[in-house]
Each structure stands twice: as structure tokens, then as C-alpha cells.
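The exercises below ask the reader to work through a structure step by step, with a solution after each task. Please try each task on the displayed coordinates before reading on.

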Amino acid sequence: MSVTVFTKDDEDVIEITMSVIPFTGTSKKVYWGWMSTPDMLVEAQIVVLQGASTVLSGAKVIADFRTGNAAPMYLFMAERETEPIKTVWYATADDSGAIGPDQVFSVIGVVNGWRVYRSKTKTYFTTTTEFRLS
Amino acid sequence: MAVSLSGPALGLDTSVYRGDTMERYIQIKRNGVEEQLSDHQFRMQIRSNLVVIVELTTAANGGITFEQTPGGVLVLAIDAAKMSTLNPGVYQYDMQQTYAVTGKVKTRFRGNFTITDDVTKPQS
């Protein structure tokens, strides 16, 4: 459902539309990085945001976890809470199987409207990892 | 179409449910073309008379983010924890846009913000 209203700015017509759902074609925004403890994202732990991307539904995202990840850390990915839980994680060919069926990401909670996924164990990544949003 | 010739656009009322995460998507077009919103700052207050019950801004963690479609879309978000603290009622709100280059401030729209009481309360 959406509502559109109009106003004028000098001679320009300003059209404003409010919607309760994303606009058609609106992409999903996701964040990823690593965190030092398995708990929710809190100030007490080290949380490093390594990347963000805006992708179309069904698109693949290359999440590069390498930079600064000098020691094994929990990996996280966050998407908007209102998105359906359909994120599919899968391994790239060269990640040594560190992510995949044995290294699943699961939802640990919601922070400021963002659903946070976390890896099951601490991981040391030397390559990139992909995930797909559907 | 009804056009407000002076001041903000009217009639952009919204209803929310207490305790639920609120998200609204705002698209602004100028003469039919989407404005590049991410160049600007936005600020919005929800008030009960003189009392501000919620303020959203485009500052970090301010509750307003830009969604990068061509031109940009604003996403207004209030998390469930905050929403569960708000009293049911009818409030007023508006949204200010501050232009990056000129500093010009325009209040783009205003309306009622209605909060309906929930039945299932947060776990204590």
C-alpha cells in the first residue's frame, strides 16, 4: 500500500510517495564483517564491518572477509528484519570448505531492525565467500 | 491531484502498531524525476504537542537510511523495542530536508502518526 502527495518547490512539482513495502526494483541492503564474541552485536565486543552491498533479489554477493581478520573470528551478515529469511550461504570453490553445510550461519537476533546471522564457529578466512539473497 | 502550493505536502498520514518494527519507504520526485536523496540530510520528529516522542535523522544509527535505487529512496525505521515504549494515540510529524550545497531547508511533508495499542506485550 502506498500514498502519494504533492507540493511545490518554487515552480517545481514535488511528488512524495510513502510505501509500507519496498518499491518495485528496490534492492536489498546487506552488511557483513566479523565479531569477537558469539553474543549479539554489542559495544563490548569487537565488531568490524567489512563490507556492504545493495543487491537485487536473487543476486549473489561476494563477501570479502579477509581484510583485518588476522585471527579466527565469528562472521556475521545482517539484512533488514522485514526481509524473509531466505538467505542462502554457499561455499566458493576456493574457501577450503570453511563455509557451507558444516559452517552454517544462523540468526542470532535483531539489532536496530537488522536481522543478524552469525557463523557457528570462529573461522579464519583466507578467501572470499559468497552468499545469495532470494 | 491536490498540490500544496505553500509549505509541506499534507495528508501523508501513517498508522503503526505498538511494539512492531516500523518501516516506511519514501520516494521523492521533482518534476517526475527521482531526486538524488543521499546528497541531503533528513530529519523528522513525531510529537505530541510540545513533547518529542521519536526523532529520526540521517545521522549514523539515526533511523533514516538511503536505499540506493536510481535516485534513492528513504527508509524510515523504528525498532520494535522503541515502538513498544510508545503510548497509543494520534501524533503529528513532519520531515525536513536540508540541501547539502546550499543549506536550504525544506519541510517536505507532514501528517498524522497513529499508534494502535498492541495486545501481546514484550516479554519481561
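**Exercise 1.** Determine how many helices and strands chain B has, and in what order they occur.

*Solution.* The model is a predicted one, and the count for chain B comes to one helix and 10 strands. Read from the N terminus, the elements follow the pattern β-β-β-β-β-β-β-β-α-β-β.

**Exercise 2.** State what share of the residues of chain B count as buried, and what share of the contacts between residues at least 6 apart in sequence join residues at least 24 apart.

*Solution.* With buried taken as under 20% relative accessible area, 43% of the 124 residues of chain B fall in that class. For the contacts in chain B between residues at least 6 apart in sequence, the share that joins residues at least 24 apart is 63%.

**Exercise 3.** Work out the strand order of the open five-stranded sheet in chain B, and identify its edge strands.

*Solution.* Step one is the order, which is β2-β10-β9-β5-β6 in chain B, and the pairing in this open sheet is mixed. Step two is to find the strands that pair on one side only, and these edge strands are β2 (14-17) and β6 (51-57) of chain B. Step three is the twist, which averages 25° from one strand to the next.

Strand β5 of chain B, residues 41-48, and strand β9 of chain B, residues 89-98, are antiparallel and share seven bridges.

**Exercise 4.** Is strand β6 of chain A mostly covered or uncovered, and with which strand is it joined by five bridges?

*Solution.* Strand β6 of chain A, residues 74-80, is mostly covered, with seven of its seven residues buried. The strand joined to β6(A) by five bridges is β9 of chain A, residues 114-119, and the two run antiparallel. In β9(A), R118(A) is the residue that stands opposite F76(A).

Note on methods: Residues are numbered from 1 along each chain as its sequence is written. Chains are lettered from A and ligands numbered from 1 in the order in which they are written. This is a predicted model: local features need pLDDT of at least 70, side-chain atom pairs count only at pLDDT 80 or more; totals for chains, interfaces and linings use all residues. Side-chain values use heavy atoms; hydrogens and water are left out. Two strands pair if DSSP finds at least two bridges between them. Helices (H or I, at least four residues) and strands (E, at least two) are DSSP runs, numbered from the N terminus. Axes are lines fitted to C-alpha atoms, for helices over the stretch in contact, and angles run from 0 to 180 degrees between N-to-C directions. Buried means under 20% relative accessible area, exposed over 50%, partly exposed in between (1.4 Å probe, protein chains only). Contact means heavy atoms within 4.5 Å.
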